[in-house]
Amino acid sequence: ALSMSPQLQHPSAEVREYACASISKLLQQKHVIPAFVQRDVVRCLGPLLMDHSLAVRETAAGALRNLSACGGFDVCDDMVTNDIMTPLVALLKECSTGLDANQLSPKKCREMNQLSPKKCGEMNKNYIEDIANEAINLLWNICECNNTALYIFNKEGCLESVLHYMKKFATNVDLAISVANCLQAVTEDNPDLLSSFNSSAQQILETVMLCPESTMKHILLRTLIAGTIWNIKDTIPPSSLGSTVNAILKIFSESLAIDAGETIIRMSGAEENRLKLAVEVGTEENMSDITENCVLSEDDNMEEIPKGKLRRENDVSDLLPSDKWELKEVTALLTAQQTALEIIVNMCCSEDPSDDEWEELSSSDESDLFMENSYNEGSGLLLSPLCLSDEVNSAFLNNLIPKKILEKTAFPNSVALDICMHNPSWKPLIKKLNAVQCRALTCLQSILLVSDVDCLGGASALQSLAQHLSQLIFSKTELPTDIEFLEAVTSALRALLQTMASKNISQCMTPEQLLALCEASIQSSNASVRVNVVSILGISGSVLAKGQDTAETLKMIGKFLLEVAMKEASLVVAGEALDALFDVFADGKEAEKAALQIKLLPALKEFQPVFRMRMRKEGKGQYSTDQLCVLDNVKMNLRRFIAYQETLGKTPT
């Protein structure tokens, strides 16, 4: 494979195309990428983006796309260093021009592709859009990984070309989705690009966002465009921001309302029926007729179809074979739902809008877009995401937990999972189903952190939510071990218990359940999971300390937290355990009794110099500035807490 460099320079376009396609296939294997990078694969393939043959351009762009997708950040950095952006930008601009210029002249077309005059226009049009699709995906991958690429994108005015491709959304939704993915990436944290979004650019995005098509691909397209518009919200006049945000939420609502499990069951059945019909008809061509909108007529000459197109059906650059339209639809739906949830999290963490913006937002006619009714009698949850407080500094989603987000936190449909498990092509959907659940839990956590209790539906709604999270954790015979799920569910539970504790709302989980969760999760390799469970125990312990006859339980909690503080490898987790101890044993007769029985004071006095020494030895270089700041506070609080405990010992009883 590494000896293909001469073939890339071969006079025959067909040989060059074959070499690019072969490299494209190999680059899907991560272990071979370093060898290709060492042999300057970028400098070999880069010039072919402007090759005389359109087929070579497409296969070269596909190979580079696979390299960027499978190689990661370091490889993308190397691609930018080797000047991939120069031919890529040139290709994008030329293709953009070609979309409107009736493509190329018939003579030039025949020279580049050796096609008959009859086929020239159609095949050239398909080629330009297909090349653009590969190039846009390559641009997306690189700009997402490399700031220099983003700078070049801004400087070279690539936005105009990229938006031009979006105008094809009505006839080429796959290209439009690629463009939307790229736009969402390049508009995130890129203030220098905002000035390029004039009224014409915004009109293009608005047109796409309002398209009525109901396929899953179109739902994904609208979701991605909604994310882009959220990224450029600073360009929107305050008087229009409210209606814009409500339009964004309407799109997310549309996406999240669809039951992915039921969709998998339905689409799997549709695929089965289609394949059965294709077998009855008895020809591969008829299967294509059923699955594809654009089919070959009987007088089409198969030799005129570029060989690269057939060879590359299963490449990363094509993602899924063309006859998997049901699978593509489900994949698009799950991607849309995951994207919507991630953007809602960003909305929760966004800077606060001005008074005028909120006033416009809250007065909009579409303020109840998430749900037709603002109250669900079954769950007691107020469902509008725009339940705004009068305080401007309240967070963006100061509202009750939207029903659709809450539904996504449940485990995936067991029948759908079974279908995916027994169909190799559908098996990757299991990971996507789990990802949607985890994003929903993260979204739930974000809303809990920025909303007040009244907007969350009151005490009964929070207790119902606690029961729901408890079922997610304890419903199976063994506690969950999946790290991503465990981090998401413990983060949501931590935020919920903190909210409940701050308002003296009784908690539904028993101390025994919490200790079981903590004892299992403290073994997790993920430090965030360990921080969460230690914090959860601290919150619950501080509530118990205010009750009666809780000393025995407080002893168990205290022993657990002491052991974590003293034995934990991560200083951050150890610091969290100390903080939790301070909270649990801060006040109350039961806490004083338990502290004496576990000898808390002498244990902490003995541990104090050890903690200081660890901070000196391990602090610099291993932890961020924010983490070190938190650890400094823990060290100071440890000194104060020891002094406080010593005072309690001297106080006459």
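Modeller: In this predicted model, contact means heavy atoms within 4.5 Å.

Biologist: Which residues does F585 touch, leaving aside those up to four places away in sequence?

Modeller: F585 touches L554, G558, A591, A594, A595, I598, L600, F641, Y644 and Q645. Each of these therefore has a heavy atom within 4.5 Å of F585.

Biologist: What makes the set of residues around F585 a nonpolar core?

Modeller: Its members are buried residues such as Leu, Met and Phe, joined through side-chain atoms within 4.5 Å. The largest such core has 191 residues, and F585 is listed with M166, L221, F252, L469 and L578 as having the most contacts inside it. Helix α18 (residues 325-348) gives the most to this core, with 13 residues.

Biologist: Why is this core said to lie between domain 1 and domain 2?

Modeller: Domain 1 (237-279 + 324-349 + 387-451) and domain 2 (452-652) both contribute residues to the core, so it lies between them.

Biologist: Why is α24 called mostly covered?

Modeller: Buried means under 20% relative accessible area, and 14 of the 20 residues of α24 are buried. Across the protein, buried residues make up 53% of the 653 residues.

Biologist: What span does α24 have, and what is expected of it?

Modeller: Helix α24 (residues 483-502) reaches 28 Å from its first C-alpha to its last, close to the 28 Å expected at 1.5 Å a residue.

Biologist: What makes D482 a cap of α24?

Modeller: A side-chain oxygen of D482 lies 3.4 Å from the backbone nitrogen of E484. The cut-off for a polar contact is 3.5 Å, so this pair qualifies, at the N-terminal end of α24.

Notes
Residues numbered from 1 in each chain as written. Predicted model: local features only at pLDDT ≥ 70, side-chain atom pairs only at ≥ 80, totals over all residues. Heavy atoms only, no water. Helix = DSSP H or I, 4+ residues; strand = E, 2+ residues; numbered from the N terminus. Expected span 1.5 Å × (residues − 1). Buried < 20%, exposed > 50% of the residue type's maximum accessible area, 1.4 Å probe, protein only. Polar contact = N/O pair within 3.5 Å; in protein donor to acceptor, adjacent residues only side chain to side chain. Domains from an automatic or database assignment.
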